[in-house]
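Subject: Structure handover and notes

Dear colleague,

Here is the structure I promised to pass on, with my notes below it. Please read the notes with the model open beside them.

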Amino acid sequence: MNRLASFTLAAACVVAALPAAAQFAKPEDAVKYRQSALFVMGQHFGRLGAMANGRVPYDTAAATANAEVVAQMARLPWAGFAPGTEGGKAKPEIWKEQANFKEHGDKMVAETGKLLVAARAGNLDALKTAFEPAAASCKSCHDSFRNK
Ligand code: ASC
């Protein structure tokens, strides 16, 4: 490996190892980031809900496209709950019960992953079956960790 390549790799490793807070220029950016990811996820999750609940016609391509966004967004908010970024609707419990909060986040990532698999399966029943536990994972985290 030449010197430039090894320097670049070393720099990339340092960046990857930085605490999440350091990824944001200021705490408000972390708040905006997590709210933005959750907002986009909510928009696409709502479209899946409309399909699962029969308010709009079932369409495999649309379900898959929405579920892809949901599954991708589901991975993002967590870095935004870095130390020192209290605020927005986030309850202080997030920073006091980090293991519990992480369990809720992991559950949501897992359920939205299953939702994507279900959407790709291409039938409404599979979508309905996966939608409920995914919605429950959103709600359970909101109940414990989000101010009204
Ligand atoms: C949504 C959305 C949520 C969840 C939650 C499920 O569409 O924006 O936060 O579903 O209400 O109970």
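Predicted model: local features only at pLDDT ≥ 70, side-chain atom pairs only at ≥ 80, totals over all residues.

Leaving out neighbours within four places in sequence, Gln35 is in contact with Gly88 and Lys89, where contact means heavy atoms within 4.5 Å. Gln35 is found in helix H2, helices being DSSP runs of H or I of at least four residues, numbered from the N terminus. With a relative accessible area of 41%, Gln35 is partly exposed; on this scale buried means under 20%, exposed over 50% and partly exposed in between, using a 1.4 Å probe and protein chains only.

Residues are numbered from 1 along each chain as its sequence is written, and side-chain values use heavy atoms, with hydrogens and water left out.

As for the chain as a whole, there are six helices and zero strands, and buried residues make up 32% of its 148 residues. Of the contacts between residues at least 6 apart in sequence, 73% join residues at least 24 apart.

Helix H2 (residues 27-52) packs against helix H3 (residues 60-74) at an angle of about 150°, with the axes 9 Å apart; axes are lines fitted to C-alpha atoms, for helices over the stretch in contact, and angles run from 0 to 180 degrees between N-to-C directions. That makes H2 roughly antiparallel to H3, a term for angles over 145 degrees, whereas under 35 counts as roughly parallel, 65 to 115 as roughly perpendicular and the rest as oblique. The residues of the contact of H2 with H3 divide into 13 nonpolar, two polar and one charged, where Ala, Val, Leu, Ile, Met, Phe, Trp, Tyr, Cys and Pro count as nonpolar, Asp, Glu, Lys and Arg as charged, and the others, Gly among them, as polar.

H5 and H6 pack at an angle of about 160°, with their axes 8 Å apart, and that makes H5 roughly antiparallel to H6. By class, the contact of H5 with H6 has 14 nonpolar, five polar and three charged residues.

The largest nonpolar core has 23 residues, and those with the most contacts inside it include Met41, Phe45, Leu115 and Phe131; such a core is a set of buried Ala, Val, Leu, Ile, Met, Phe, Trp, Tyr and Cys residues joined through side-chain atoms within 4.5 Å. H2, H3, helix H5 (98-121) and helix H6 (124-145) each supply at least two residues of this core. Apart from it lies another core, of seven residues, among them Phe81, Ala90, Trp95 and Phe145. Not counting residues up to four places away in sequence, Leu115 touches Phe45, Leu48, Ala67, Leu127, Ala130, Phe131 and Ala134.

Finally, Thr64 lies in helix H3 and is buried, with a relative accessible area of 14%. On the same exclusion of residues up to four places away, Thr64 touches Leu116, Ala119 and Arg120. Thr64 and Leu116 are 52 residues apart in sequence and 6.5 Å apart in space, C-alpha to C-alpha.

With best wishes
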